[in-house]
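Take a moment to turn the model around before you read on.

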Amino acid sequence: AVMLAAAGGSLAVLLTQQSGASLDSWARFKSSLPGMSQAVKLLTFGIYVSLGCTFLPLPVNWIVAAVATRTVAVGTGLWDTVLLVGVVGAAASTIANLNDYHLFTWMLRIRHVAKVRHMRLYRIAARWFDKSAFFLVVVFNILPIPVDVVRMLAATHRYPRVPFAAANFIGRLIRYGAIAYLVYYFELSVETAMLIMLGLAAAMLLAKVLPRLWSP
């Protein structure tokens with residue numbers, strides 16, 4: 001809440017100094033964003049991504065791709081655009097995912113919700129999660145899917161918050177950095193970049209799972 005208030009306050013101040021900034025509606029604000037300063041673009045990007053969680057399912061991949069396009073690019077070239085989009089997006093998304101973690105943890109204090117830990121399916125998933133918890137959290141943060149089951153499992157399994165946050169940051173850094181690179185360098189559409197990321201994450205998951213399935 002403190003970080004959101006600080007970012008929102010900074011953005012409000014900067015917008016008052018921007019000529020041509022349209023605040024009449026979200027659609028008009030988006031259309032005027034390309035002509036604004038780098039700080040305004042990054043703050044808008046960070047605030048939006050930090051709000052996108054399970055309980056407020058805002059689509060975020062489009063804005064990741066948008067700030068990486070050459071017309072809006074938050075950097076002056078390829079690599080600083082990739083770095084800025086990756087780091088700011090990953091940090092903001094980690095905040096959103098930690099909010100999810102804490103909300104799930106709070107919900108588990110409700111007796112009827114806590115019963116999920118005694119279900120057979122949960123016990124099977126928990127054993128699977130125990131074997132490669134950090135890796136799974138990283139991979140599922142790379143995957144461009146709307147619902148992250150592993151995030152819920154981490155909360156119900158009481159996975160420590162520090163490695164949880166680190167795995168979230170690494171996964172989203174890879175995901176957003178790769179999207180930014182693909183969109184900026186190849187001038188791809190958002191949909192094409194998403195398909196490439198989905199294939200990459202699936203390959204990583206299969207590389208981890210298949211050797212175990214084949215082992216005696």
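## A covered helix

In this predicted model, the buried residues of helix α4 are Asn-61, Ile-63, Val-64, Ala-65, Val-67 and Ala-68. The helix spans residues 61–68, and with six of its eight residues buried it is mostly covered.

One turn of an α-helix takes 3.6 residues, so residues three or four places apart point the same way.

## The chain as a whole

The chain exposes about 11800 Å², and 69% of that comes from carbon and sulfur atoms. Taking contacts between residues at least 6 apart in sequence, 69% join residues at least 24 apart.

Next, find helix α5 (residues 78–107) and helix α10. Their axes come within 7 Å and cross at roughly 145 degrees. The crossing of α5 past α10 is right-handed. Where α5 meets α10, the contact is made up of 18 nonpolar, nine polar and two charged residues.

## Arg-172 in helix α10

Arg-172 sits in helix α10, which covers residues 161–186. Is Arg-172 buried or exposed? Its relative accessible area is 7%, and it counts as buried because the cut-off is under 20%.

Leaving out residues up to four places away in sequence, Arg-172 touches Ala-90, Ser-93, Asn-97, Asn-141, Arg-151 and Gly-177.

## Ser-50 in helix α3

Ser-50 belongs to helix α3, residues 38–51. With a relative accessible area of 12%, Ser-50 is buried too, because this value is under 20%.

Which backbone oxygen does the side chain of Ser-50 reach? That of Ile-47, at 2.8 Å. Setting aside residues up to four places away in sequence, Ser-50 touches Leu-4, Ala-92, Ile-95, Ala-96 and Asn-99.

How values were computed:
Residues are numbered from 1 along each chain as its sequence is written. This is a predicted model: local features need pLDDT of at least 70, side-chain atom pairs count only at pLDDT 80 or more; totals for chains, interfaces and linings use all residues. Side-chain values use heavy atoms; hydrogens and water are left out. Buried means under 20% relative accessible area, exposed over 50%, partly exposed in between (1.4 Å probe, protein chains only). Helices (H or I, at least four residues) and strands (E, at least two) are DSSP runs, numbered from the N terminus. Contact means heavy atoms within 4.5 Å. Axes are lines fitted to C-alpha atoms, for helices over the stretch in contact, and angles run from 0 to 180 degrees between N-to-C directions. A crossing is left-handed if the near helix is turned anticlockwise from the far one by less than a right angle, and right-handed if clockwise. Ala, Val, Leu, Ile, Met, Phe, Trp, Tyr, Cys and Pro count as nonpolar, Asp, Glu, Lys and Arg as charged, and the others, Gly among them, as polar. Accessible areas come from the Shrake-Rupley method with a 1.4 Å probe; for residues, only the protein chains shown count as cover. A polar contact is a pair of N or O atoms within 3.5 Å; within protein, one must be able to donate a hydrogen and the other to accept it, and residues adjacent in sequence count only if both atoms are side-chain atoms.
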